[in-house]
Amino acid sequence: MKQQQKRHYLIIPLGIVVILMVISGLTATKAGESALLYRIDAPMHDRLFRLRNFVAAQPISNEVTLIGIDDYTVNKLGKFGSGSWIIRKPFIDQITYCHLVYQPAVIAYDIIFKETRMQDRKDTGDKQTTEADTALNDAVQVAEDAESVSQTGITKREIQEILEAIRKLGNDDITEIDINTLYDIAELTTVQGNFNLALALSSIAYDDSVDTTCIAAYEFDWRDTGNEVTGRRWTEEEIIGDGSGGEYSEDYGTKVPYLRDISIPMEHVHNLPPDFEFSINADLPSAIILDYVKLGYINVPRDEGGVVRRIPLVHGIEYEYTHPESGEFVKRQYFLPSMALLSCLYYWNVDLVKLNASGDFTINGKPAVEVHWGQHVVINRPVGDAVTIPIDKNGKFYLDFVGRVTDFNTVPFAEVGPYNLNPNAVELLKDKIALVGIMSTGASDVGPIPIDENTAFVHVHMVAISNILTETFIKPLSKSRRLQILLLLAMIIIPAAIMMRPLKFTYYTSLFAAVYAFILFYFILTHRFVLPVAGPALFLIGSYFFVIMYYYLSEEREKKKIRGMFSTMVSGDVLKYLEDNPESFSLAGQRAEATMFFSDVAGFTTISEALTPEKLVELLNEYLSPMTEIIMESNGFVDKYEGDAIMAEWGVPFPNPRHATLACWAALDQQVKLAELRPGFKADFGVDIVVRMGLNSGIVSAGNMGSNRHFSFTVMGDAVNQAARFEPANKDYGTDIMIGETTYELARNDIEARLLDKIIVKGKTVPIKIYELVARKGDISTERQNVLDLYDKALNLHWERKWDEALEDLAKALSICPDDGPSLNMVERITSYKKNPPPEEWMGEYIRKSKD
């Protein structure tokens, strides 16, 4: 007994320390930009944010209002991006009313007012249009080379052609108008719209009686998950001008000076890592409006999981040039605020343009904005205390999503102007931050956030502004803090594991996990920290199972006999083979061609919750017994049971050339048997049993896995994994039995099957064909065969993008069999493709999104 206790004192702490080291290693391991365990933590934190917002009201700033281009606005003013929006008329009208009536402190546009260039026209798919565009691009390039294109990009000759086209339009003689000239008319309209927009903005910029700052959006050219620099560098004209004024200067550039004006000087950026990647270009709005607005970038990068949780609060730009006259090489770097941060700065009267122009970037003797990389951004306001905003080592601000977009002050765009005045608009906008953004149905600038599966990204900027104004900051712990938490857990768990028996240790671990969960939620509720979830959970679970398994192996040992193990899993023939071939029990294993079978009861969790343990065991036995009998009678090997799930193989442990056919027949026989048993299950247990099955054939590694004293025969390999994934894939197509292409080719002369689809399974990049197993060869009705033929035809038409023809054949199939799952699935998919066509590189494959 003392000897065993000594082992407890040695082995248990040692094992827990090993688990601690493994989890610590995972905590430090990166997967993309973030730590590996952060990718597990983040979705759990998202659920806690949603729970927090549900149970308690959250601090949302009343000083920011969204002017939304919503569905109501689109119905009133037309689809965004067409009609009057092209000539900027709604914006011009709205700016006028903001200037004269509402007078917000800041009006920020989460919209990039781009210049329309003929070279940027999109392919409409019409060959004539494409050829016309190509000719037009060549003509414009020649004109630009000859310095004949004006600032708007339209030559005098083209303007003459436009005038002639307008005259023809007046005479309804549109057939003789060159398509390029129609494009020029559209471009000239947009240029004129931008010019009028600039006039409207200038009315605010030059009106000293109104203290309103207009902020226009721009974007850096980087990728969503890595902030990797892409795109071309700034041109010398964009940096120092073209010398037309008789001088080259950084004050005369066409783009860069406007960014430099609102920059944070590098002397106020501290601890910047040496490998920081500065952006070398940006997508700015039309040059016509740059003199009348401040610029704030609106990049919304996503985390590795595709969810927006953080935004870059500040970002750096870099440019370089060689002076045309002096030959001096110049390289400069600046940091720029995001639109959210810039909006708050001007709301607090921190005018970056004036500060930079004065050469004194201080307020009350302190830097107006100071960046401590990896820690925080400090804003020293003219009035009030400094505001300290936490940022991570990538310069990103972790957003505290305190509410959905409807929880914020909002007013439709169509009710801020001459269209239909909102009586509450003055109260919502005067002396506040007004954020204008697109939130109508079909908008492209949308994505998932922790509290909403799909929201307009203007919501993200709203949250950032609200967090800053209310100083509601929450942040994940640093890597060192997360490791300290794991160490603290180890110090608490080790003594308990040594001193407590398994049952008591189970209660203790459960209670400790509940206390940690409470602390985690409390910190989120009070907007303090986001504690790690995955690391502590893995550590507690790993430590618990290690301790329980240690006690089990120490106190509960029994010998397993080979015949006792295999006699319940194989038929007599297989068992005799195993007895005659004892070498098959070596751990070396063998490569063999086999067919794998997986089955699972649909909705078993719900079934298990509805039955008592005794009834559940009785149900499983009555279900598993006949299924096992069918498998064994067809020379199959029952590999294992996992609750309601069955894994079986044909072709191992001894070869069988007809393994694919036997496996398919066994699956069909099981479905027939289930149909006979189903009424009895309903009567005796009150449940419906539906079983999905997946089969696949291929080369596998087969053998006894385990130790010399305890082992089990099983198979491993890619073909096994695919068979396991085919079983849940039935749910997507409304089928009962799904087989792989290899299985179909091996058994096609003995079965009836239909090609379902091409899919890319998890972990693979090459699409594979999947089939529905329907019946034994010849055992199929004429009506059923017609349904299969129509579906096959529709499937091929869908691959050819002939959506309407495919839908016609599917409608015929459904008229014969209204509940045909694959046909219903394909109708839904094609309908979605008609609304949102797949990309050009699409080859028809369907990528499963489930966890299987």
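Colleague: In which loop does Arg801 lie?
Modeller: Happy to start there, with the reminder that this is a predicted model. Phi of Arg801 is near 65°, a positive value in a residue other than glycine. Most residues other than glycine have a negative phi. As for its place, Arg801 lies in the loop between α24 (782–799) and α25 (803–816).

Colleague: Is Arg801 buried, partly exposed or exposed?
Modeller: Buried would need a relative accessible area under 20%, and exposed one over 50%. The relative accessible area of Arg801 is 27%, so Arg801 is partly exposed.

Colleague: Are α24 and α25 roughly parallel or roughly antiparallel to each other?
Modeller: Two packed helices are described by the angle between their axes and the distance between the axes. Here α24 and α25 pack at an angle of about 165°, and their axes are 8 Å apart. Angles over 145 degrees count as roughly antiparallel. The two helices α24 and α25 are therefore roughly antiparallel.

Colleague: How many nonpolar residues are in the contact of α24 with α25?
Modeller: α24 passes α25 in a left-handed crossing. The contact is made by residues including Val787, Leu790 and Leu797 of α24, and Trp803, Leu810 and Ile816 of α25. By class, the contact of α24 with α25 has five charged residues, two polar and, to answer you, ten nonpolar.

Colleague: How many charged residues does the contact of α20 with α21 have?
Modeller: Among the residues making the contact are Lys615, Glu618 and Glu622 of α20, and Asp669, Lys673 and Asp684 of α21. The contact of α20 with α21 also has eleven nonpolar residues and one polar residue, while the charged residues number six.

Colleague: Is His527 buried or exposed?
Modeller: His527 is in the loop between α15 (502–525) and β23 (529–530). Its phi is positive, about 60°, although His527 is not a glycine. A residue counts as buried under 20% relative accessible area. With a value of 17%, His527 is therefore buried.

Colleague: What separates the C-alpha atoms of Ile737 and Val691?
Modeller: Ile737 is in strand β29 (residues 737–740), and its relative accessible area of 3% makes it buried. Leaving out residues up to four places away in sequence, Ile737 touches several residues, including Ala667, Met693 and Tyr771. Val691 is 46 residues apart from Ile737 along the chain, and their C-alpha atoms are separated by 8.8 Å.

Colleague: Which residues is Asn825 in contact with, leaving aside its neighbours within four places in sequence?
Modeller: Asn825 is found in helix α26 (residues 821–835). With a relative accessible area of 15%, Asn825 is buried. Apart from those sequence neighbours, Asn825 is in contact with Asp732 and Tyr733.

Colleague: Stepping back, what percentage of the residues of the protein count as buried?
Modeller: The secondary structure comes to 26 helices and 32 strands. Among contacts between residues at least 6 apart in sequence, 71% join residues at least 24 apart. The protein exposes about 41100 Å², of which carbon and sulfur atoms supply 54%. Of its 852 residues, the share that counts as buried is 50%.

Methods
Residues numbered from 1 in each chain as written. Predicted model: local features only at pLDDT ≥ 70, side-chain atom pairs only at ≥ 80, totals over all residues. Heavy atoms only, no water. Contact = heavy atoms within 4.5 Å. Helix = DSSP H or I, 4+ residues; strand = E, 2+ residues; numbered from the N terminus. Nonpolar A, V, L, I, M, F, W, Y, C, P; charged D, E, K, R; others polar. Buried < 20%, exposed > 50% of the residue type's maximum accessible area, 1.4 Å probe, protein only. Areas by Shrake-Rupley, 256 points an atom, 1.4 Å probe, with all protein chains shown as cover. Axes fitted to C-alpha atoms, helices over the stretch in contact; angles between N-to-C directions. Parallel < 35°, antiparallel > 145°, perpendicular 65-115°, else oblique. Left-handed = near helix turned anticlockwise from the far one by under 90°.
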